[in-house]
Amino acid sequence: LTATGPVEEDDELEWGALFEQIYVDPARLTATVRTALARRDQVGLTQLLTEHPVTQGVAELVGYLGLSEPDFDVVIDEESTDRVLVIDTDGRPRHVRMPRVTVVRSHARVGRG
């Protein structure tokens with residue numbers, strides 16, 4: 001993941017501290033994914049985040065990537081990239097470039113409508 005945004009040169013991100021201080025409820029993320037998949041077999045993470053914007057920063061984005069449920073799969077396409085808008089916990093917008101991610105119902109295959 002690479003992030004771009006208005007960062008002061010002296011600002012240093014302490015990634016470990018970021019993940020320790022922010023709790024992202026995986027049950028909330030799972031419910032969001034299941035709601036989206038109730039209407040379709042698959043959804044791109046960028047589309048999902050357009051419908052349900054990230055408000056807890058990069059930790060929330062990483063939370064989606066780490067979901068593991070029996071009724072859906074998180075598929076990461078390392079050969080394609082997307083640019084995702086993330087709102088930090090302090091309200092600042094950040095753009096994150098990351099591999100393309102699609103969430104697919106377990107019985108569906110990526111590429112189906």
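Me: Arg105: buried, partly exposed or exposed?
Reply: This is a predicted model, and in it Arg105 counts as partly exposed, at 24% relative accessibility.

Me: Which side chain does Arg105 meet in a salt bridge?
Reply: The side chain of Asp41, at 3.3 Å from N to O. Asp41 sits in the loop between α2 and β2 and Arg105 in strand β4, so this pair ties together parts that are 64 residues apart in sequence.

Me: And how accessible is Asp41?
Reply: Asp41 has 16% relative accessibility, so it counts as buried.

Me: How many salt bridges in the whole structure?
Reply: A search finds nine. One of them joins the side chains of Arg39 and Glu51, at 3.3 Å from N to O. Arg39 is in the loop between α2 (26-37) and β2 (42-44) and Glu51 is in helix α3, so parts twelve residues apart in sequence are tied together.

Me: Is that pair buried or exposed?
Reply: Arg39 counts as exposed at 54%, and Glu51 as partly exposed at 33%.

Me: Which residues are linked in a network of salt bridges?
Reply: Arg34, Glu69 and Asp71.

Me: Switching to Arg94, where is it?
Reply: In strand β4, residues 93-105. Arg94 has a relative accessible area of 8%, under the 20% cut-off, so it is buried.

Me: What does its side chain contact?
Reply: The side chain of Arg94 makes a polar contact with the Asp88 side chain, at 2.9 Å.

Me: What about Arg92, which residue is its salt-bridge partner?
Reply: Asp90, with the closest N and O atoms 3.0 Å apart. Arg92 is partly exposed at 32%, and Asp90 is partly exposed at 48%.

Conventions:
Residues numbered from 1 in each chain as written. Predicted model: local features only at pLDDT ≥ 70, side-chain atom pairs only at ≥ 80, totals over all residues. Heavy atoms only, no water. Helix = DSSP H or I, 4+ residues; strand = E, 2+ residues; numbered from the N terminus. Buried < 20%, exposed > 50% of the residue type's maximum accessible area, 1.4 Å probe, protein only. Polar contact = N/O pair within 3.5 Å; in protein donor to acceptor, adjacent residues only side chain to side chain. Salt bridge = Lys/Arg side-chain N within 4 Å of Asp/Glu carboxyl O.
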